[in-house]
Protein chains: 2
Amino acid sequence: MKKIILFLPLFLGGIFFSQVKTDSLQFSKISDQILSEGKAYEDLRELTKGIGHRLSGSAAYTKAEKWAFDKLKAAGADKVWYEDVMVPVWERGKESLQIKIGNGKYKSIKMLSLGNSEGTKGKNIEAEIIFVKNKNEFDALSEEQVKGKIVFFNYAFNQKFITTGQAYGDAGIYRRSSASWAGKKGAKAVIIRSLSSAFDDVPHTGMMRYEADDTTKIPAVAIGPKSADELENILKNQKVVAKLNSNCTMKGEQMAHSVIGELTGKNDQSVIVVGGHLDSWDVGEGAQDDGAGIVQSIEVLRTFKKLNIQNNHTIRVVCFANEENGVKGGEKYAENIKLKNEKHIFAIESDGGGFTPRGFGLVMSPEKRKEIQSWSSLFVPYGVTNFNAQYAGTDIEPMEDQGVALAELIPDSQRYFDIHHTEEDTFEKVNRRELLLGATVVTQLIYLIDKNW
Amino acid sequence: MKKIILFLPLFLGGIFFSQVKTDSLQFSKISDQILSEGKAYEDLRELTKGIGHRLSGSAAYTKAEKWAFDKLKAAGADKVWYEDVMVPVWERGKESLQIKIGNGKYKSIKMLSLGNSEGTKGKNIEAEIIFVKNKNEFDALSEEQVKGKIVFFNYAFNQKFITTGQAYGDAGIYRRSSASWAGKKGAKAVIIRSLSSAFDDVPHTGMMRYEADDTTKIPAVAIGPKSADELENILKNQKVVAKLNSNCTMKGEQMAHSVIGELTGKNDQSVIVVGGHLDSWDVGEGAQDDGAGIVQSIEVLRTFKKLNIQNNHTIRVVCFANEENGVKGGEKYAENIKLKNEKHIFAIESDGGGFTPRGFGLVMSPEKRKEIQSWSSLFVPYGVTNFNAQYAGTDIEPMEDQGVALAELIPDSQRYFDIHHTEEDTFEKVNRRELLLGATVVTQLIYLIDKNW
């Protein structure tokens, strides 16, 4: 009996270890292929240098749609198509912010209107700036103190968070909501400190919103951290008047498209999605945000095709429209798969930049999360060790209530918010190997999901 | 009895968990201090922009010594001193490489002589280039085929390695030894492909050496990966003649110094070393290599002082002289502590760049390694998970035979060898938060070592 007892676990162990070995070898093949022959970096060069930034509703976005369509074809997709998405159209136009200290002369400050904000319709708004450090300080001000003023919120990124995304989340409410707070007390405009991990003078744009009961939609602009610190210091001792002139405004809606390509499943038609968002803000080149996620997703499909991996399920690359100022692409995609009753088993997004991959955020049942965590040792040689975060990409979140298991690539976060939503988010800020490693581990995860689910 | 049995582990567990909690709190204090008030980034700006590159024996190196001395004083060191180190002096001088394809005209190629190489003494060497991919191909050539030629070794970084240091190790022999191989067969010079993870046209310098029996010391130069690929392609079909002119040469020895500062131990005089190397190559600004390690080491001392952590052992920052072309600073330090019979319990170096920290290399007894590995969960919130590598810094390795436990900070490796030993290794390539996080985890590890050893 002893022999039999010993034999059984060894036999089962043998199956287990031979599985691990098979997966580990496939992981190497994927990694070797992408690190030595990956096209994501050159694809990103084309998207950023050839097209540049591509806000929803812009001519550049339309070019990007065509580019993504052709790239998916060239990568070997069995089918490629456009999905109609009505997107909001916001245009920046000319804008300027000047300040005058005491009785001095006006001088310009680098600024960007926040996305979706209304402007001054090309007229000058001139008003005294009042300064608050945070919402508590603002709430302590009476309507009389705020009325007719420009309110400056200088809430800084908390540098103590190890993951910069936490600091971004913490400070985000000032970008999203300060115009509504100040508008309700009669302010003429708000200026916020950019949501930035850096201390340079680069302003960051990004989405704001007016609350439903905002009777006046006051302009909201961001200035760089350096200007913000200087302005705070000046305001401690002197009166400062600002002159704001901007033309940004919402211009209704327009038809745009998410671009979708797939490798049809060899055994069933249930779908695994990998994606990023094709749109960007109207500054810089949208390289880390989110050109990186787009070219990585295309790389996944190309690699399955190139290595001739027989995918059981359909693997679908979705280049989502309009993440930045509406998430209409993500919402429409979830709506359509429900309408068409397309079974989706898994979706992953890359929208944290093409930095060295560190882990995966997992939003799914505890059982499924545990199964993915049980594969974690396979990822250790690739530097991916964090499987504990529970968040997923903005564009795929609308699928959550259909029970789709969701994930997000977690890249190293340290450099992202230095350049996020700025003129500095350019191709030069992306490192080739970091970008390709991100594509590698996403491909590896999808290989395991496709094989085991 | 049951109650007692249950009580005992809970009680012991209580002690254990309260220790972990204490350490975890101290980790937070260290992290908060460095991420919000750390000076390493501004220190690095001074060193790189104020002094710039600083090869051993240069006037800039002498400036850097004084700078480091003052910085250690300002950081709160109890004692700061210079340690005499005789260093080799190598000077580059003017240099150029031109190539002529077939009967065409000469055109310049970006190049750098390798460190410690002899030059052409200002005269032109003109010779046909012959190309080999690797040492095997070179070994297959007869003396007749090599004699009078310039040998071009185009051995590329292996992109398939996940850690770029492995690719650097793999390709390193071509930089170090190809001049000796080719010289023995009568070649006039060697050109190597730079040890680079990038595909740009940036040449990388770095140390080469002649073997003891080299009768002729032939010049060795590096060209960028792009030029290397182009040259290989041309050589497949056409004859190429090169004209090399360089003035680099060894100029004997000179007195220089490692710069040392310490916080004297409160309970005993045994020493914990943290360091980097103060010298750099004579191009760029020596920012990642190894200005980063220097300013991080100073940050460790500053943080202990600032947080008023009562260090049991002496914590000593060593800014080593001459790592790049001699390691004389490291050798002298090990020699001196042996002479003075100074007990050292631990030494750690940061010389992999100021990138996001990922782990620690550990060279020590299995028991000590296991003890450090048992602390690993404390480092997880800081993204540090790799405790398995077994290598340590070049400057501290000479202490190994005295039984000193050695370690090295392992930062993310993806970007380092794009810029290592080049004009591109500048302050702008260093990210503030990545640099400070590296300083944070080194301080945390030293806190644990100091407390527990």
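Chain A splits into domain 1 (34-90 + 252-452) and domain 2 (93-247), with bounds that come from an automatic or database domain assignment. Keep in mind that this is a predicted model, where local features need pLDDT of at least 70 and side-chain atom pairs count only at pLDDT 80 or more, while totals for chains, interfaces and linings use all residues. Residues are numbered from 1 along each chain as its sequence is written, chains are lettered from A and ligands numbered from 1 in the order in which they are written, and side-chain values use heavy atoms, with hydrogens and water left out.

**Between the two domains**

The C-alpha centres of domain 1 and domain 2 of chain A sit 33 Å apart. Where the two meet, 15 residues of domain 1 of chain A are in contact with 24 residues of domain 2 of chain A, contact meaning heavy atoms within 4.5 Å. As for how big that is, the size of an interface is often given as the accessible area lost when the parts come together. For the two domains of chain A the buried area is about 1,400 Å², and carbon and sulfur atoms give 59% of it; buried area here is the accessible area (1.4 Å probe) that two parts lose on being put together, summed over both.

What about salt bridges between domain 1 and domain 2 of chain A, and how many are there? The count is zero, where a salt bridge needs a side-chain nitrogen of Lys or Arg within 4 Å of a carboxyl oxygen of Asp or Glu. Polar contacts do turn up: nine residue pairs across this domain interface, both residues at pLDDT 80 or more. The rule for a polar contact is a pair of N or O atoms within 3.5 Å; within protein, one must be able to donate a hydrogen and the other to accept it, and residues adjacent in sequence count only if both atoms are side-chain atoms. On the side of domain 1 of chain A that touches domain 2 of chain A, helix H12 (residues 416-419) of chain A gives the most, with three residues. Helices (H or I, at least four residues) and strands (E, at least two) are DSSP runs, numbered from the N terminus.

**Between the two chains**

Now for chain A against chain B: 27 residues of chain A are in contact with 27 residues of chain B. The area buried between these chains is about 2,300 Å², with 49% given by carbon and sulfur atoms. Two salt bridges are counted between chain A and chain B, and the count of residue pairs in polar contact is 18, both residues at pLDDT 80 or more. On the chain A side that touches chain B, the elements that give two or more residues are helix H1 (2-37), strand E14 (357-363) and helix H13 (432-452) of chain A.

**Salt bridges and rings**

Over all chains, the count comes to 62 salt bridges. Here are two of them.

| Salt bridge | N to O distance |
|---|---|
| B:Arg415 and A:Glu434 | 3.6 Å |
| A:Glu342 and A:Arg316 | 2.9 Å |

A:Phe355 and A:Tyr416 are edge-to-face, at 5.9 Å centre to centre and 80° between the planes.

The A:Asp289 to A:Asp290 peptide bond is cis, with omega near 5°, and A:Asp290 is in helix H8 (residues 287-306) of chain A. In chain B, the bond from B:Asp289 to B:Asp290 is cis with omega near 0°.

Conventions: Rings of Phe, Tyr and Trp (its six-membered ring) pair if their centres lie within 6.5 Å; planes under 30 degrees apart count as stacked, over 60 as edge-to-face and the rest as tilted.
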